Amino acid sequence: MEKILNYIDGKLLEPTTGKYLDNINPAIGEVYSNIPDSSAADVELAVKAAEKAKAEWGKMPIEDRSEMLLKIANLIDAHLEALAKAESIDNGKPISLARTVDIPRASANFRFYAKAIINQSTKAHITADKGINYTVREPLGIAGCISPWNLPLYLFTWKIAPALASGNCVVAKPSEVTPMTAYLLSKICIEAGLPAGVLNIVHGLGQQVGEAIVAHPNIPAISFTGGTATGKKIATIAAPMFKKLSLELGGKNPNIIFDDCDFEEALATTLRSSFANQGQICLCGSRIYVQRGTYDKFLTAFVEKVKVMQVGDPLEEETKAGAVVSEQHQEKILHYISLARLEGGKVVAGGNAYNPKGRCKNGYFVQPTVITGLDESCRTNQEEIFGPVVTVQPFDTEEEAIGLANSTKYGLSATVWTQNLKRAHKVGAALKAGIVWVNCWLVRDLRTPFGGVKQSGVGREGGDEALNFFTEEKNICIKHC
Ligand code: NDP
C-alpha cells in the first residue's frame, strides 16, 4: 500500500511519530494508502527547514522566483492526468471535474502569481518641498497555510503560490481526508528543483499538525480555508499572538431567480451551482429562492433534471456526481435530510444514500436532493450542510428575496438571475455576500479580491490582496536635499 510522506527540507520523510492514518477511497469505501500521523515535532522540523531557507528565497531576484513557480506550473500541467486521477480517488469527485477544473486551476494559481509578482508595484508620495515617502514590502518570513478537502490541490495552491511568490517559505497542511495531490505536489517541487525548505508539507490531523502550525511563534501569518467553527478556534489561538490571519470559511449561499430571468440559462446553471462536486464547493448555492410567477415551472423542470443526474463511479468519464468525501460526511448529510423532514420539509427529489452497482457498491454516495416547504428560520436553511442538498422556496418581491437571502450568519456568495439591469445592481448591492454573481456562477478572475463577509470569513485572497497579505509594508521618508 502506498505510503504518503511529509515533504520537509526538500526531502520526503516519515513522520517522527512513526504512525500512519488510513486514507480511504470514498467511492469504494476502502483504505488505499497511508498518511503520516505527524505531530508538533514534525512541524518543528518544517519550521527549522523554512528558517534555514528563508533568507536566500526572500532575497532571490523576483525573476528567478517567478521562473521557479512557472516551472512548477508547467510540471502540474505535464502531470495533469495523474493528478486528476489521484484527486478523483482521494475525494470521490468525477474525474472530468478534476481534469477540467481542479488541476488546471492549481497550475493557473502558480502561473498567475509567478506573473503577478513581477508586476507588483509599491507607492511613493512626494510631500511638497519636504521629502519623499515611499513604501517597501518585505516577505514575512514563514507562512502557515491550511486547506480543506473539497478542492484539495486548487485551494492548497491558492495559498501556497502567493506566499512563495512574495518571498516567503511555507509550512503547509492539506486536509488529512484528501492528502494525495499535496503529496504529488511535493514530488513536483523536487522535480522542479525548488530549494530545500522553501515549501514544507506536513500531513496529519488538524488538532495536532494544524494547531501546531497556528500556535508556532515563528510563523507570523496563517492563511486558512475551512469550516467556521475551526476558523473560530484558529482565531482564538492566533489573535493573542497578533498574527496576520486570513480566514476563508463556510457558506450557505442563496440563489435568487426572478420571473424576468433567462429561464433555460438559470435552470442549467442552477443545476451546476447546486450539485457540482456533490454540493461540496463552498460557493455552491444551497438555498434557491424563485419568484412566484416562475416557481412551479422552475421546480418541475429542476426536479426532472435532478432525478436523472448520473451519479456513480467517479472514474467513469460520463459521471456527473461522484461520492461524497467520507462515510462521516455521508452520515452528516443524511442526518440533515432527516432533520429537514422533521422540520416539515417535503423531499421532492433524492433524499437517500445511494449504492451504485459494481466496484462502488460500498462507496459513500448521496442522491442529489431537493426539498421544499421549509421557511428560512429552520436549521436546514440556516446551517451549512455541504452536500448535494438544496431547498427551494417561493418569494414575491425584491425586498422579500433580499431578506431571505441575508437571513443566515454566512455571507460567502450569492447568485441573482434577472434580465433587468437596474434590479441586478440594486439586489447585488443589497446582498450581504463577498461575491455576487448575476446571470452566471463560479466565473472567477484571479485578480479580483475573494472572501466572505459575516461568519464566512475575514481577509481577502486573490490578486494583490494575497501578495499584500504575505508581506509587511514599511514606509521610508527621506528629506529632500
Ligand atoms: P475543516 O475546518 O474541518 O478543516 C479545514 C482544515 O483545517 C483541514 O486541513 C483540517 O485538518 C484543519 N484543521 C482542523 N482543525 C484544526 C485546528 N484546530 N487547527 C488548525 N487546523 C485545523 O474544514 P473541512 O476540511 O471540513 O472543509 C469544509 C469547510 O471548508 C466547509 O465549511 C466549507 O464551506 C469551507 N470552505 C470554505 C471556502 C472558502 O473559500 N470560504 C472554500 C472551501 C471550503 P483535518 O482535515 O485533519 O481535520
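Q: How many aromatic pairs does the structure hold?
A: This is a predicted model, in which local features need pLDDT of at least 70 and side-chain atom pairs count only at pLDDT 80 or more, while totals for chains, interfaces and linings use all residues. Residues are numbered from 1 along each chain as its sequence is written, and side-chain values use heavy atoms, with hydrogens and water left out. Rings of Phe, Tyr and Trp (its six-membered ring) pair if their centres lie within 6.5 Å, and planes under 30 degrees apart count as stacked, over 60 as edge-to-face and the rest as tilted. By this criterion the number of aromatic pairs in the structure is eight.

Q: Are the planes of F258 and F395 stacked or edge-to-face?
A: The ring centres of F258 and F395 are 5.4 Å apart. Their planes stand at 85 degrees, so the pair is edge-to-face.

Q: How many residues apart in sequence are the parts that F258 and F395 tie together?
A: F258 lies in the loop between β13 (253-257) and α9 (263-275), whereas F395 belongs to strand β19 (residues 389-395); strands here are DSSP runs of E of at least two residues, and helices are runs of H or I of at least four, numbered from the N terminus. The pair therefore ties together parts whose separation in sequence is 137 residues.

Q: Which residue lies over the face of F258?
A: A charge sits over a ring if NZ of Lys or CZ of Arg is within 6 Å of the ring centre and within 35 degrees of the ring normal. At 4.2 Å from the ring centre of F258, the residue over its face is R423.
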